[in-house]
Amino acid sequence: MMITPESRLMTAGVALPQVARGLGNYEPYSIVGNQLMTSGQFPYLKGVLQYQGQLGAEHTVSEGYAACRLATLNAIAQLKQACGELTRIKQIYRLEGVLNVHESCFEHPKALDGASDFLLEIFGEAGRHSRMIWTNPVMPLNSLCLVYLFAELYPDDEQK
Amino acid sequence: MMITPESRLMTAGVALPQVARGLGNYEPYSIVGNQLMTSGQFPYLKGVLQYQGQLGAEHTVSEGYAACRLATLNAIAQLKQACGELTRIKQIYRLEGVLNVHESCFEHPKALDGASDFLLEIFGEAGRHSRMIWTNPVMPLNSLCLVYLFAELYPDDEQK
Amino acid sequence: MMITPESRLMTAGVALPQVARGLGNYEPYSIVGNQLMTSGQFPYLKGVLQYQGQLGAEHTVSEGYAACRLATLNAIAQLKQACGELTRIKQIYRLEGVLNVHESCFEHPKALDGASDFLLEIFGEAGRHSRMIWTNPVMPLNSLCLVYLFAELYPDDEQK
C-alpha cells in the first residue's frame, strides 16, 4: 500500500477538519501556474478557535506549538479541498507563520516548529520547506497564530 | 463594447492616479515569469497621504475600508503602468495587506475588504484572490495601511 | 575578466560568511520552478548577532542601515550555497525586510535601503528588486532586522 499524506494522517489518528470560512471577501486559496497558496489558517478545532492571546502571556511555548500544529492541520484540509488528493502536491515549499508574542518572549520560532514538524510528519520529503516568521500585535479573532502554506503541484500529466 | 478593468473604472467614476514614488532604492514592481508583483502602495489622493494612525484609534473601520480601497486604486495604477493595458492581467491572484491596528480592535479584516471588494468590482472574476493580512506597530509615513498586489499575466501570445 | 557578483564582492573587500543555522525545523532555502527563496537571514558577523533591539531606541537609522546590509550579506551567502555560482541568478526580484522599530521612528525604509543598495552594488542590474517592508514588535533572537531574498534563476541551458 502506497504511503501518502492521507495515509500518514490516518496513521497519526488525525482527521482533516471541515475547512473554515474566511473572514472577508477573499478566496481560501489561489493557484498561479503550479503554485497553490492558501489564505490565512487558524487553529480551529470543530469550528471553534482554540488559542487566543499572546505567546509568553496567555500561552506557553508548548501551547503555541500545539496551536501552530492545529492551524497547519486546517491548512492541510484547505490544500486537500483545493487538490482533491494531497499526492498532487510535489512540495510544500514555503510556510509563512504569524504569531502574537509578548515582548518578554523570544521562543516563537520553537512554537512555529509545531507547523514545520507536522508538515514533515505528514508529507515526508515533500514537506521540506523554507519559512517566514512574523510577530503581529493584533491578530484576527485575537488568534494566537496564523499559518499560510505554499505548495508546488505536479503537472497534470506527471502526478506521482 | 468590451468590458475591461479600464471601462469598469470609468463606470465607477474613478480615475487612476499618477503612481507614487517609492520610499527607498527599490523598484515599484517586478516581474518573474508571468508573475507581476508591486511594492507597497499607500492611500494617496493627488499625491497626499490620506490616512495616518491606527484603526480603532484615529480611524474607524469604515475609514480603514476607504483607506484600503484607495491604496488599492494606487496599486492598480501601478499595475497599469507595468502592463500598459489591464487586460493583460489574467488574475489578481494575491492581495497582501498590512494595517496599523489598536489593540482593542479586531475588525481589520473588514477594513481590508475595502481592497478585496474593489478588486472584484474592477477586475470581475479576474480579481478573485487569496490574501494575507498583517498588523504592524509602525508604518512607513505613519500610514494606516499598505497594500501589495500579485498578478498573473497572460502569455504574450494569449492575451484576452 | 567578467564582472560577476563574486568579483564585485571581492572589489568591495567583503567575504561571504559561513551560512548560519536556522532557528527551527525548516530549510534555509527552497526552489520552485526557477524561483529560489531564502528563509530569514540575520545580521550575523562571524556567527555573532550584531544588532539587537529597536530602530530609534537602541539603534540609529545608520546602524539599522548597516544591520540590513549585513543581513543581506548573509542572505547572499545563502544564495551562493544554494546556487554554486551567483551568476546563475538572473534577477533578485524581491526583497522582504522586517524590522523592530520604536513607535517614534518612521525611518525604517531608509534602514532597509542598506539591503537594497547592497543588492544593487553586488548584482548590478540583476539586483533591481521590488520590496516589502514590515515592522514587528518581537523578533527572533531580538534581532533588529530580518531579510528574505527571492531570486529568479536562469534555466540550466541559458546561464549567462
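Which side chains of chain A and chain B meet in a salt bridge? The side chains are those of A:Glu27 and B:Arg128, with an N to O distance of 3.0 Å. The model is predicted.

## Chain A against chain B: extent

Chain A puts 27 residues into the contact, and chain B puts in 25. About 2000 Å² is buried between chain A and chain B. Carbon and sulfur atoms give 57% of that area. Three residues stand out on the chain A side: A:Asn25, A:Val32 and A:Val138. They supply 29% of the area that chain A buries against chain B, more than any other three residues.

## Chain A against chain B: polar links and make-up

The count of salt bridges between chain A and chain B is 1. That bridge joins A:Glu27 to B:Arg128. Polar contacts link 12 residue pairs of chain A and chain B, both residues at pLDDT 80 or more.

Which elements of chain A give two or more residues to the side that touches chain B? They are the strands β1 (29-32), β2 (35-38), β5 (89-99) and β7 (145-153). The largest share is that of β1(A), with 4 residues. By class, this side of chain A has 15 nonpolar, 10 polar and 2 charged residues.

## Chain C against chain B: extent

Here 25 residues of chain C are in contact with 27 residues of chain B. The area buried between chain C and chain B is about 2100 Å². Carbon and sulfur atoms account for 57% of it.

How many salt bridges cross the interface of chain C and chain B? The rule finds 1. In it, the side chain of C:Arg128 meets that of B:Glu27 at 3.0 Å, N to O. Residue pairs in polar contact between chain C and chain B number 12, with both residues at pLDDT 80 or more.

On chain C, the elements that give two or more residues to the side touching chain B are β5 (89-99), α3 (108-123) and β6 (130-135). That side of chain C divides into 10 nonpolar, 8 polar and 7 charged residues.

The copies use different surfaces: 16% of the contact residues of chain C recur in chain B.

Chain A is superposed on chain B by a rotation of 120°. The shift along its axis is 0.0 Å, and the RMSD is 0.0 Å. Of the residues of chain A, A:Asn136 comes closest to the rotation axis, with its C-alpha at 3.5 Å. Chain A and chain B use different surfaces too, as 15% of the contact residues of chain A recur in chain B.

Note on methods. Residues numbered from 1 in each chain as written. Chains lettered and ligands numbered in written order. Predicted model: local features only at pLDDT ≥ 70, side-chain atom pairs only at ≥ 80, totals over all residues. Heavy atoms only, no water. Contact = heavy atoms within 4.5 Å. Buried area = accessible area lost by both parts, 1.4 Å probe. Salt bridge = Lys/Arg side-chain N within 4 Å of Asp/Glu carboxyl O. Polar contact = N/O pair within 3.5 Å; in protein donor to acceptor, adjacent residues only side chain to side chain. Nonpolar A, V, L, I, M, F, W, Y, C, P; charged D, E, K, R; others polar. Least-squares fit on C-alpha atoms with pLDDT ≥ 70 in both.
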